[in-house]
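Hi,

Here's the structure I said I'd pass on to you.

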Amino acid sequence: KNSRIFLVAAIPYLSALIPVYNEEENLAALGDEVSSALNALGKPYEVILVDDGSRDRSYDEILKLVKKYPGFKSVRLGRNAGQTAAMLAGIQHAAGALIVCLDADMQNDARDVPKLIKKLDEGFDCVSGWRKDRQDRFLDRKLPSMIANGFISYVTGVHLHDYGCTLKLYRAEYLKPLRLYGEMHRFIPALAGTMGARITEVVVHHRPRARGTSKYGLARIFKVVLDLMTVKFMNAYLTKPSYLFGGGGILMILAGMAMAADTLYNKLYFGIFVKDQPLFLVSIFFSLVGIQLLLIGLLAEVLEPMIGPPAPL
């Protein structure tokens, strides 16, 4: 009986997930701040530091934190796989009912975590941080982010001011089922929304980077666009793919039939031979592509039960 009580008490209420890539200069201060902020909650917690194939001494610093602070844990990836892969690894190791994500660069303030938890307790499933007073350069960081946030909100239908803010709090049942790849970590609120998650945001403190260098550049814009196409498909058509492929196939077949009819009309009434009408070849091409799209839609319908989004736990 006593051992059973001990196991229950050891289950963390909150899992803090922190991806780390070449942040050796920030980790000592990060450990102090996170430990202090989470101790103030008065509830059991764990901190999962995921080393994303760092090339500096970040992992050595992580091991120091694990020895120094109870509840700190380390996960190490064999190579630099990106922030999404690091977050996925952390999610898989997280045991808490709530999962909060933070950056390791000290620009997020761990003391905002209680504020996010308080908002979550109002009946939400995801609370996203909003860096309203963002301390970054305007031209290459803030401006592209503002444009991307508006575009992502419009496409996904989940309206947030700051998709790029890592500081977000989730109920674990909306994170565990997700299949994350590419650069899809920034779309997690939209993906959670497909499972019925109630989403809101709160203003959080944001600090300028004091040590180390940023790992983000303008090249991420192209990755965001490609991943956004995937998210849009998952939101709108993952459970009914034949609507997308089948609808496009029918339109292509109808267009092919219209061009074939025009070819036949020109032959019968104007005596123009089919070989002299390039539109006939185009009609064949459209019809073949339309049939292929219809078949792809049928295959997607067959595969959908295996790849569709699982229901929350």
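Below is what turned up when I went through it.

Keep in mind that this is a predicted model. I'd begin with the sheet: seven strands form an open sheet with mixed pairing, in the order E3-E2-E1-E4-E6-E5-E7. The edges are taken by strand E3 (72-76) and strand E7 (199-203); each has a single partner strand, so one side of each has no neighbour in the sheet. From one strand to the next, the twist averages 20°.

Helix H3 (residues 58-68) packs on this sheet, where it touches strand E1 (14-20), strand E2 (45-51) and E3. The direction of H3 makes about 155° with that of E3. Elsewhere in the sheet, strands E5 (residues 126-130) and E6 (residues 168-171) run antiparallel and are joined by three bridges. Cysteine 126 has tyrosine 170 in E6 as its bridge partner.

Two loop residues are worth a click. Most residues other than glycine have a negative phi. Asparagine 22, in the loop between E1 and helix H2 (27-39), has a positive phi near 55°. Methionine 106 also has a positive phi, near 70°, and sits in the loop between strand E4 (98-101) and helix H5 (113-120). Asparagine 22 counts as partly exposed at 22% relative accessibility, whereas methionine 106 is buried at 14%.

Last, the surface: a nonpolar patch there has about 720 Å² of accessible area together, and its members include Val274, Phe280 and Leu298. Leucine 298 belongs to helix H10 (residues 278-307) and counts as exposed, because its relative accessibility is 54% and the cut-off is over 50%.

Cheers

Methods. Residues are numbered from 1 along each chain as its sequence is written. This is a predicted model: local features need pLDDT of at least 70, side-chain atom pairs count only at pLDDT 80 or more; totals for chains, interfaces and linings use all residues. Side-chain values use heavy atoms; hydrogens and water are left out. Two strands pair if DSSP finds at least two bridges between them. Helices (H or I, at least four residues) and strands (E, at least two) are DSSP runs, numbered from the N terminus. Axes are lines fitted to C-alpha atoms, for helices over the stretch in contact, and angles run from 0 to 180 degrees between N-to-C directions. Contact means heavy atoms within 4.5 Å. Patches are made of residues with over 30% relative accessible area and no salt bridge: like charges are joined within 9 Å, nonpolar side chains (Val, Leu, Ile, Met, Phe, Trp, Tyr) within 5 Å. Accessible areas come from the Shrake-Rupley method with a 1.4 Å probe; for residues, only the protein chains shown count as cover. A salt bridge is a side-chain nitrogen of Lys or Arg within 4 Å of a carboxyl oxygen of Asp or Glu. Buried means under 20% relative accessible area, exposed over 50%, partly exposed in between (1.4 Å probe, protein chains only).
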